[in-house]
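Please open the structure in a viewer and keep the selection panel at hand. The stops below are meant to be visited in order.

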Amino acid sequence: MTKTFCPLPFNHLYINPDGGLKPCCRFKTSDYVDEKQLKDYDTLDDTLRSSVRLQDIRKSMLAGEEVSGCSACYKEENSGGSSMRTGEINTWGDYDDYVGKDPVVTNLEITFGNYCNLACRTCGSGLSTSWIKDEKILSKHYYDRGMAEQRHNVSKEWKPEEFLNVVKLKITGGEPMLHPDFLSFLDMIIASGVSDKMTVEIFTNSSFVPKNHLLERLNKFKRIGIWLSIDGTHDVQEYIRHNSKWDIVEQSAIRWLQYENDNPDNVQINFAPTISVYNIFNLKEMITWFLDLREKFSNKPEHFTNCSWNVTTFPSNIDIKNLLIKDELISKLTEFKETITGINLKSYKLLIEKVIDRLNVLPLGDEREIVAFTRFNKDLDKLRKQDFITTFPELYSQVQKIWDNVDGKLK
C-alpha cells in the first residue's frame, strides 16, 4: 500500500450544503479552495476532471508527494493505526488501479443542504437551519458561531445520465429526508436506470417515522444503509438534539428495524451517535438501548449492523479528552466493551475503543476548555430554556466547581 495515494480524488466528490466541493469529508478545508462550485460544471465527471485543484491533488499523489489537506489520515497512520485513506484503498484500489486512467465518479457524498428541524449541540447553522436564530445572538459573543444566515441548497440541474457510473451514494444533511427536494432527487436517480446497481447510505436524525412513499423509493436501490444519528436516550437525547422528541425517536428506530425485517437482503440499519462531553457518561446506556431494541424488534438480530466512530473534536470544548477525572469512566467503559462479543457488533466495540483512546490523549484534561464549555452551555440553556444540571448529573458532578463559579456571556 502506498503512503500518500488515496483513490478518492480519482473517483469521488464530497459536496457541501452550498454546492462547494472537496475531495472528501475529512479534507482540511483551509487547504482546498476550488475556483468553482458544483453548479458551474456540466456533469459530475466533468467536475472531477476539470477542477484545477483536484488536478493538482491527483498530480501530487501520483508523484508520491504528501497532500497537506490529507493530514488527518497521515497523522492516524503515523501513530500506528489505520485511517480513512487506508480503508478507501481497501475498498476502491491503490495507485496501480488509477494511474493513466481518466477520473470517473463512482462514489459520491452529498450533504443535502443545511435544512434541518433539529438544533443539535454538536452542530451549527452551517448544517442546520434550526440553529440560525440562536447563532445570531451567540455570534456576538462567540467567534466560532454564526456560519450561516439562511438555508443553503446544493444548486444543480441534475441529469440522470450523470449517475450511470455511480455505485455508491452517501447522503447526509441537515436532515436530508425532510428536505423538500429529496424525493425528486431519488426519483431522478431512479430514472437513470442504475439504481438497482447502487448502494445508498443515508444519515437521519430519527425525528420522524418514515412513510411508505419514501420506503417504496428506497426499495428501488440495490442496497440501503440507514444510519440513525441518535445521541442519547430520553431527556439526554432531547437536550443534545434540541427539538427532538424521545417517543418519536424510538418509534422511528422501530419502524426502520421493521423495514429491515421486510427487506433483509438489501437493508441494513446502523447506529451513528456523535460522542462528546455531553453523552460520554451515557454511552453504555445509549448503546444498550439500541442493541436491546434490535433484539426485540429485529427478526434476525444476529445480522451485521454498523456503528459509526464519530468521536467529535470540534468545537474543542466538547472534546472528551478535556475531562478532568477519567479513570473511573475508562474502567467502566473497558468493562462494558468486554460484554460486546458478537462478530456482527464489532464496530460497536471499536467505537468504545476509540472513545477510550481519545480519553487517554490528554491524561490531565484541560480546565480552560471546561470553562469555555460552561460559559457556552449556560448561555444556550438560557436561550433554549434547558437545564444542564438536571439532565447530566454525573457530568455536572465532574465540572461542578467550574460550573458553579463561571458565568455565561449573555446578560
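The tour visits a loop residue, then a cavity, then a group of aromatic rings.

The model is predicted, so local features need pLDDT of at least 70 and side-chain atom pairs count only at pLDDT 80 or more, whereas totals for chains, interfaces and linings use all residues. Residues are numbered from 1 along each chain as its sequence is written, and side-chain values use heavy atoms, with hydrogens and water left out.

**Stop 1: Thr129**

Select Thr129, in the loop between strand E4 (119-120) and helix H6 (132-138); helices (H or I, at least four residues) and strands (E, at least two) are DSSP runs numbered from the N terminus. Thr129 has 18% relative accessibility and therefore counts as buried (under 20% relative accessible area, with a 1.4 Å probe and protein chains only). Next, display Cys116: its backbone nitrogen lies 3.2 Å from the side chain of Thr129.

**Stop 2: the largest cavity**

A cavity is a set of points, on a 1 Å grid over the protein atoms alone, where a 1.4 Å probe fits but cannot get out; lining residues have an atom within 4 Å of a point. The largest cavity holds about 120 Å³ of space, a volume being the space filled by probe spheres set on the points, which are joined across faces, edges and corners. Select Cys6, Cys24, Phe27, Cys70 and Cys73, the closest to its centre of the 14 lining residues. Then colour helix H1 (8-11), helix H4 (71-78) and helix H5 (84-92), the elements that each give two or more residues to this lining.

**Stop 3: the aromatic cluster**

Which residues do ring pairs link into a cluster? Select Tyr239, Tyr278, Phe373, Phe388, Phe392 and Trp403. Rings of Phe, Tyr and Trp (its six-membered ring) pair if their centres lie within 6.5 Å; planes under 30 degrees apart count as stacked, over 60 as edge-to-face and the rest as tilted.

Focus on Tyr278 and Phe373: their ring centres are 5.3 Å apart and their planes at 50°, so the pair is tilted. Tyr278 lies in the loop between strand E9 (267-271) and helix H11 (283-297), and Phe373 in helix H14 (residues 367-384), 95 residues apart. Tyr278 is buried at a relative accessible area of 1%, and Phe373 is buried at 0%.

Finally, move to Phe373 and Phe388, whose ring centres are 5.9 Å apart with planes at 70°, so this pair is edge-to-face. Phe388 belongs to helix H15 (residues 388-391) and is also buried.

Conventions:
Buried < 20%, exposed > 50% of the residue type's maximum accessible area, 1.4 Å probe, protein only. Polar contact = N/O pair within 3.5 Å; in protein donor to acceptor, adjacent residues only side chain to side chain. 1 Å grid on protein atoms, 1.4 Å probe; cavity = no way out; pocket = protein on both sides within 12 Å on 5 of 7 lines; lining within 4 Å.
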